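The following report looks at one strand and its pairing, and then turns to the chain as a whole.

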Amino acid sequence: MEEEKYIRRCIELAKNGLGNVSPNPLVGAVIVCDGKIIGEGYHVRCGQAHAEVNAIRSVKDESLLKRSTIYVSLEPCSHYGKTPPCADLIIEKQIPRIVIGCRDPFSKVAGRGIQKLRDAGREVVVGVLEQECRELIERFVTFNTLKRPYVLLKWAESADGYIDTQRTGGSPEVLSTPLTSMLVHKKRAEADAILVGRRTAELDNPSLTVRNWYGRNPVRVVLDRELALSPELHLFDGTARTLVFTTKECPDRKNVEYICIDYSQEVLPQVLTALYERGLQTLLVEGGSQVLQSFIDAGLWDEITVEISARSLHSGVKAPEIPPGTRCKTEKHFGVEIHKYTSL
């Protein structure tokens, strides 16, 4: 189907904004005239031009817009935010037909952009590849409807179901390959924050920064109830913003913020609320096993990625347990088996 082909292209374009548009949604747009694409665009960075604007700007002959169709994965905005309304620009440029993947669930839009276009006499088609377009903005939807970050859990496990050996120090077992490690850093670049527990921070001394991929560092998050972690750890080197959740009052220092929470109550909801209040839309959780399991047991996760190593460890720290029946898709990347679970 012709309309699906162009909306699918919108989706592919939109994914180029991963890691840069948060807390805005991913959006792609394509302009077609006489069966040919004459313009394309996507939302590149938060605060900058939206997908529709970039697509319109890319058209060399603007006179063609008056007999074109603009395809967009998400309903054009109708309100003034950091940029003017895209619906107004579409009307101004006299584009007669608009095909939309899905409505915007955000309250400031929520059908108003569609209505504005129709009131201006434009033909508007809504709901082409709607499910795929909603999946594209699931981080945005989760953040705005559940008032918490979209939570991704990630770990690598051995062929026999362990994530590490039992140890009191030294380096962790390396179960990822150099190429899959690169993909981990890509995930970090696409997340707003990354979390580990105290034991992982202490044993592994991770930097939790983006080094094997291009992109910004996520905000580092660590759970340290008693402030037992050494200030000499990489987490506290000031190279990336770090949040420490603790029970003890402590003055903030360079790029490190201490947040007091009540550890006698459920910890994870308090952490997620604090991250939401700081505008962090996506949280990547990398360990350790107990922290990962606590997110699973609390039902506070949206996506899980498990890399299955060809190595066996025979004993050690068991991998977290995922509830039976959880929807799973198996992929192969660089010859390595990857299991992807979704909560819905």
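In β4, which residue is the bridge partner of T69? The partner is R97, and the numbering runs from 1 along each chain as its sequence is written. This is a predicted model, in which local features need pLDDT of at least 70 and side-chain atom pairs count only at pLDDT 80 or more, whereas totals for chains, interfaces and linings use all residues.

Strand β3 covers residues 69–74, where strands are DSSP runs of E with at least two residues and helices are runs of H or I with at least four, both numbered from the N terminus. Six of the six residues of β3 are buried, which means under 20% relative accessible area with a 1.4 Å probe and protein chains only. Strands count as paired if DSSP finds at least two bridges between them, and the table sets out two pairings of β3.

The protein chain as a whole has 10 helices and 16 strands. Its radius of gyration is 22 Å, close to the 20 Å that the globule rule gives for 344 residues, so the chain is as compact as a globular protein of that length; the radius is taken over C-alpha atoms, and the rule is 2.2 Å times the number of residues to the power 0.38. The C-alpha atoms fill a box of roughly 70 × 45 × 35 Å, taken along the principal axes, and buried residues make up 51% of the 344 residues.

Technical notes: Side-chain values use heavy atoms; hydrogens and water are left out. Buried means under 20% relative accessible area, exposed over 50%, partly exposed in between (1.4 Å probe, protein chains only).
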